[in-house]
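Biologist: I would like to learn how to read packing and charge pairing from a set of coordinates. Please take one case and go through it with me.

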Amino acid sequence: MCAPGCVEHVRSKLSRRGFFKGAGALAAAATAAAWGPGEAEAQTFPRFSRVADLTHTHSPEFPTFFGTPGVTLKRLKEIKADGFNMFEWTVLEHSGTHIDAPIHFAASGDGPDTLPASQLVVPLAVIDVRERAVANPDYQVTPSDLRRWERRYGRLPRGCCVAMNSGWAKHVASDRFAGKDAQGVLHFPGFHPEATDWLMKERRVRGIAVDTLSLDFGASKDFKTHYAWLPSGRWGLECVANLERVPARGATLVVGAPKIRGATGGPTRVLALI
């Protein structure tokens with residue numbers, strides 16, 4: 001993600017060495033507390049009978065924070081003249097259904113190319129906040145939402161991805177998806193920093209996912225969820241589709257992160273095995 005003003009905000013953060021020194025220490029401590037040194041990552045997964053595609057089709061028309069195309073295609077070869085088709089892509093990393101790697105909001109950390117494959121196939125837990133989001137487009141997932149889910153479905157699975165289903169994916173073809181008001185402020189749901197703090201301290205979670213443009217809610221100016229979650233070594237998914245097609249618990253998430261050296265994220269094919 002990067003909302004209006006986000007680039008300037010990140011640059012100001014990047015210029016503060018003291019901030020990153022502290023953030024790096026906190027991230028290392030959070031990661032160590034959550035996982036422990038040398039902990040085995042072996043997971044067993046249930047069998048599946050169907051696959052749900054949780055990926056939006058990307059296109060120049062897909063909504064972005066900047067109002068400019070997240071992807072453009074330039075034809076280089078054409079089947080009639082050249083015997084094959086080929087395009088050159090220009091892609092904004094954080095557009096379409098995409099992954100935020102830890103390095104996106106940290107001085108150092110994994111990019112999508114260095115995230116271990118074992119961290120990209122994980123149990124999926126879906127938190128349904130659609131009713132709350134209808135009433136409040138600025139809704140943020142809270143620790144109460146997470147505890148409510150656990151009372152019904154049991155403890156969050158070890159190493160899982162926690163996905164917010166706000167129902168926002170259905171707005172992707174309209175202005176409501178970004179929710180920009182007359183003052184230029186965006187309005188859509190996200191994760192409250194208290195929820196991500198709870199997940200880092202109380203549970204063993206690998207990733208979070210949203211069906212909106214950002215892990216933080218649209219009106220955020222400080223991106224606290226990004227600055228807490230990603231530097232801890234965890235990843236996020238944004239603009240996820242079709243979460244209503246998967247159960248609250250029991251699916252396995254497959255994250256097809258792009259393996260591009262030096263990247264901070266990128267458009268991603270996200271699948272749920274059910």
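Predicted model: local features only at pLDDT ≥ 70, side-chain atom pairs only at ≥ 80, totals over all residues.

Biologist: Which residues touch the most other members of the largest nonpolar core?

Modeller: A nonpolar core is a set of buried Ala, Val, Leu, Ile, Met, Phe, Trp, Tyr and Cys residues joined through side-chain atoms within 4.5 Å. The largest one here has 26 residues, and L146, L156, V162, F191 and L199 touch the most other members. Two or more residues each come from β5 (121–128), α5 (143–153), β7 (160–165), α6 (193–202), β9 (205–210) and α7 (224–229). The largest share, 4 residues, is from α6. Another core lies apart from this one, with 23 residues, including L120, W235, V255 and A272.

Biologist: What does F191 touch?

Modeller: Leaving out residues up to four places away in sequence, the partners of F191 include V162, M164, L199, I208 and T225.

Biologist: How do I read the packing of two helices?

Modeller: Two packed helices are described by the angle between their axes and the distance between the axes. Axes are lines fitted to C-alpha atoms, for helices over the stretch in contact, and angles run from 0 to 180 degrees between N-to-C directions. Here α5 and α6 pack at about 50°, with axes 8 Å apart. That makes α5 oblique to α6, since angles under 35 degrees count as roughly parallel, over 145 as roughly antiparallel, 65 to 115 as roughly perpendicular and the rest as oblique. On the α5 side the contact uses P143, L146, R147 and E150, and on the α6 side E194, A195, W198 and L199.

Biologist: And charge pairs?

Modeller: Side chains of opposite charge can pair when their charged atoms come close. A salt bridge is a side-chain nitrogen of Lys or Arg within 4 Å of a carboxyl oxygen of Asp or Glu. The structure holds 6 of these salt bridges. One of them joins D53 and R269, at 2.8 Å from N to O. D53 is in strand β1 (residues 51–53) and R269 in strand β13 (residues 269–273), so the pair ties together parts 216 residues apart in sequence. D53 is partly exposed at 24%, whereas R269 is exposed at 51%.

Biologist: Which residues are linked in a network of salt bridges?

Modeller: R132, D145 and R148 are. The closest N and O atoms of R132 and D145 are 3.7 Å apart, and the D145 to R148 pair has an N to O distance of 2.8 Å. D145 and R148 are 3 residues apart in helix α5, so about one helical turn separates them. D145 is buried, at 3% relative accessible area, while R132 is partly exposed at 30% and R148 is partly exposed at 35%.

Notes. Residues numbered from 1 in each chain as written. Heavy atoms only, no water. Buried < 20%, exposed > 50% of the residue type's maximum accessible area, 1.4 Å probe, protein only. Contact = heavy atoms within 4.5 Å.
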